[in-house]
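Work through the exercises below with the model open beside you. Try each task before reading its solution.

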Protein chains: 2
Amino acid sequence: MTAISLSSRETARRRLLDALRREGPMARVEIGQHLGMSPASVSELTASLLDEGILVAEDAADQAAGLFRGRPKTRLFFAETLGSVVGVWTGFNRIELRLVDSAGRNRASRHIERPLRSLGAEALMDVLAETIGVFAQESGAMDVKAVGLACQGYVDTKDGIVAWSPVLGTRDLPLASGLGERLGRPVLIENDASAMAFAITQRHAELRSGRTACLMVGDGVGLGFLIQGELYRGARFGGSEFGHVRLRRSGPQCRCGGRGCIEAYLADYALHRDAQLIDHRPAPTLLLPSEEAMGSIVDQARAGDPALINLFHAAGEVLGDAVGILIQTLEPDHIVLCGPGTRAMDLLRPSFEAALESQTIPELRALATIHVVESSMDLLTEGVVMQALRELDLDLARLKAA
Amino acid sequence: MTAISLSSRETARRRLLDALRREGPMARVEIGQHLGMSPASVSELTASLLDEGILVAEDAADQAAGLFRGRPKTRLFFAETLGSVVGVWTGFNRIELRLVDSAGRNRASRHIERPLRSLGAEALMDVLAETIGVFAQESGAMDVKAVGLACQGYVDTKDGIVAWSPVLGTRDLPLASGLGERLGRPVLIENDASAMAFAITQRHAELRSGRTACLMVGDGVGLGFLIQGELYRGARFGGSEFGHVRLRRSGPQCRCGGRGCIEAYLADYALHRDAQLIDHRPAPTLLLPSEEAMGSIVDQARAGDPALINLFHAAGEVLGDAVGILIQTLEPDHIVLCGPGTRAMDLLRPSFEAALESQTIPELRALATIHVVESSMDLLTEGVVMQALRELDLDLARLKAA
DNA sequence: ATTGTTTTATTCATGAAGCGAACGAAGTGC
DNA sequence: GCACTTCGTTCGCTTCATGAATAAAACAAT
């Protein structure tokens with residue numbers, strides 16, 4: 001499951017299948033209009049996809065009754081027999097699982113509470129493989145074709161190695177091959193912010209043109225960067241772990257070991273930790289605070305608690321500085337703020353905007369539209385499962401070609 | 001002179017001409033080996049280039065005497081009759097000019113002292129047009145086909161507008177069209193750091209693969225980012241003016257109006273200003289300190305002046321933080337530190353490396369090779385003139401096609 | 001001088017990919 | 001049954017790149 005450069009045909013094929021997953025069943029003409037392809041090309045592409053058994057034509061009977069003139073459309077969609085794919089997200093003390101069919105439709109999902117950090121490399125992979133296996137079985141999926149796993153940290157998607165992750169507690173872990181051997185299936189791994197960024201851009205067409213930087217605020221702070229709808233890949237990892245950029249030299253402690261990282265102000269664990277301190281409560285034991293705990297902090301701040309308001313003020317300022325850096329460095333067309341952290345956007349906004357304005361000129365700021373997309377962590381599994389599906393599409397094509 | 005997406009043929013043509021400018025005259029076989037093209041394709045491409053009069057075959061007589069067997073190579077190179085191109089860089093109180101022929105060879109260069117900031121938009125463009133015209137005439141160039149101009153600031157290359165520049169003192173200046181009308185020739189404008197980055201990557205083959213981030217330290221601090229040897233273009237400007245990222249909330253004054261920008265620590269004007277202050281000398285009147293003035297500051301620091309050593313220590317720390325941000329955001333394969341500011345790299349290095357190490361994990365740091373390229377400001381005119389030549393190549397191709 | 005050797009350059013046929021236009025297919029409305 | 005409309009396929013054309021065969025231009029050997 002490596003991403004080499006794609007041939008012209010493979011790109012067209014991918015665009016077609018992507019569009020079908022996003023839009024649902026479409027007739028050939030519709031696909032052509034949607035992608036700006038000639039009917040001839042669509043015919044050619046779909047012919048081989050039908051031939052390979054990846055797509056099937058919808059029964060004419062299924063269609064809306066004949067209120068139209070002309071030859072009726074025959075909609076195409078993914079065959080039901082292609083098997084399914086599991087998407088996984090590993091958080092600090094939580095694993096999210098999702099099962100989708102080849103069309104990307106949700107079949108089952110679940111999350112379990114399970115701390116992972118304390119396990120060693122082998123035990124960690126054993127637990128993950130076991131968890132994935134049980135989930136698939138209990139969901140009645142006998143036909144899992146691939147697995148996609150997203151986690152925070154420096155994830156080398158190409159070689160399948162997690163160089164460092166705050167949630168796994170290991171270094172240079174060959175997670176893709178380790179899980180792949182245990183499960184007997186190809187495993188794709190990805191940074192979680194990239195996975196979420198991909199899921200969000202799949203849902204919003206305007207974000208798939210130009211350059212889109214998605215800042216995910218939640219458990220940590222991550223960055224997913226896309227150019228023309230495709231994830232930007234850096235030298236190995238992709239523009240990720242932006243949360244560990246140090247913005248304040250002597251700022252609060254971050255779990256990466258440093259001080260003053262973006263995350264140490266903005267992430268749920270940081271806000272929760274500081275709020276507990278303000279309330280003179282004991283330090284939290286759970287690394288990943290619950291949505292209820294975070295909600296109550298936000299409510300108290302909205303009710304006017306001055307110390308908590310200050311907390312969000314400082315966080316908003318850091319967010320503004322972070323977006324300023326993104327704008328000055330990547331100059332994106334779109335900036336997306338996403339993840340659970342956007343729940344408090346009303347509290348962050350004043351200081352966020354002030355900080356952003358104080359470090360960018362209007363001409364530059366005007367280039368990037370800032371979108372706040374309320375999104376929960378289950379978009380992560382959606383993103384990574386989509387990517388696994390796309391890799392599977394490619395593998396199938398190459399299998400037939402060989 | 002707009003950069004639209006290139007056709008397959010145009011890309012091949014550009015690669016061929018780029019290679020000839022870099023490597024000098026080459027025979028068709030050599031071009032093929034160099035670019036990984038089949039002889040048939042090279043033959044086809046060169047046939048039309050010869051036909052259009054852009055290339056000519058070298059005289060057989062010019063070649064080395066026949067110590068070789070087989071049919072002798074006929075080297076191809078740019079026709080002498082194609083005209084020349086002027087490259088310009090505008091600094092605070094200085095204009096650098098360069099005249100090159102169509103092969104990119106230097107024909108003449110000059111720099112004049114002339115402050116620009118105090119002029120209005122029209123007067124500024126009058127002065128520039130006049131200066132360029134006189135330079136071309138006095139260099140005996142009757143055949144200037146295009147002009148490339150690089151300057152610091154937010155430069156929209158596509159629309160030819162300078163949104164803001166610390167050296168020009170105007171806003172949203174339509175410089176390309178304004179100069180173009182005055183000179184009667186197409187004018188390409190570019191951010192100066194991008195121009196230098198392009199020049200440097202043209203000289204070093206290894207920097208043309210993967211992602212290369214060039215941080216230019218000198219008059220200001222700029223960033224040029226290239227992917228596979230082509231300049232990254234953001235929404236409008238390109239990943240530029242990185243020097244105005246604010247790294248220290250309450251840092252020293254920057255000429256952009258903000259405080260604590262990277263530039264306010266690292267740029268020549270900032271170091272010079274602070275050194276003057278330490279020596280209890282009057283504030284400098286010249287905005288761009290001379291190379292001698294900078295050299296004397298560096299010498300004093302090397303001789304052990306503790307206050308100046310501190311100055312460079314703080315600058316190095318900011319440089320380390322800046323490179324850390326670049327690594328975490330763009331994850332480049334290569335980082336190039338260039339520009340006159342590298343003259344003091346020995347003084348910057350200890351704090352630079354400490355700061356970089358304190359905010360990046362080793363796995364991530366190991367991905368990017370850091371190159372220090374000693375380069376003076378005259379590489380700027382080389383970079384922008386090369387880009388103007390490439391645009392001219394394209395225009396010629398499109399002219400023939402139409 | 002003639003012939004062979006070696007290297008360079010061109011030509012030609014082929015294949016991949018996309019597309020416009022023409023044509024066939026499959027319905028509805030009368 | 002026939003016109004009409006819309007959908008999908010087929011055919012021929014174009015662009016582009018390439019391998020193979022061929023031509024070209026020298027030198028070396030006889």
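Helices (H or I, at least four residues) and strands (E, at least two) are DSSP runs, numbered from the N terminus. This is a predicted model, in which local features need pLDDT of at least 70, side-chain atom pairs count only at pLDDT 80 or more, and totals for chains, interfaces and linings use all residues. Residues are numbered from 1 along each chain as its sequence is written, chains are lettered from A and ligands numbered from 1 in the order in which they are written, and side-chain values use heavy atoms, with hydrogens and water left out.

**Exercise 1. Describe chain A as a whole.**

Step 1. Count the elements. Chain A has 13 helices and 15 strands.

Step 2. The C-alpha trace of chain A covers about 70 × 50 × 40 Å along its principal axes.

Step 3. Look at burial and contacts. Of the 402 residues in chain A, 58% are buried. Take the chain A contacts between residues at least 6 apart in sequence: 66% of them join residues at least 24 apart.

**Exercise 2. Find the largest nonpolar core.**

Step 1. A nonpolar core is a set of buried Ala, Val, Leu, Ile, Met, Phe, Trp, Tyr and Cys residues joined through side-chain atoms within 4.5 Å.

Step 2. Give its size. The largest one has 94 residues.

Step 3. Name the best connected. A:Leu215 and B:Leu215 have the most contacts inside this core. Beyond its neighbours within four places in sequence, A:Leu215 contacts residues including A:Val221, A:Phe242, A:Leu319 and A:Cys338.

**Exercise 3. Is A:Ser165 buried or exposed?**

Step 1. Locate the residue. A:Ser165 is in the loop between strand S8 (161–164) and strand S9 (171–173) of chain A.

Step 2. Read the area. A:Ser165 has a relative accessible area of 1%, so it is buried.

Step 3. Name its partners. Not counting residues up to four places away in sequence, A:Ser165 touches A:Arg117, A:Cys151, A:Gln152, A:Gly153 and A:Thr170.

**Exercise 4. What is the phi of A:Gln228, and where does the residue lie?**

Step 1. Recall the background. Most residues other than glycine have a negative phi.

Step 2. Read the angle. A:Gln228 has a positive phi of about 50° although it is not a glycine.

Step 3. Locate the residue. A:Gln228 lies in the loop between strand S12 (221–227) and strand S13 (230–231) of chain A. With a relative accessible area of 53%, A:Gln228 is exposed.

Definitions and conventions:
Buried < 20%, exposed > 50% of the residue type's maximum accessible area, 1.4 Å probe, protein only. Contact = heavy atoms within 4.5 Å.
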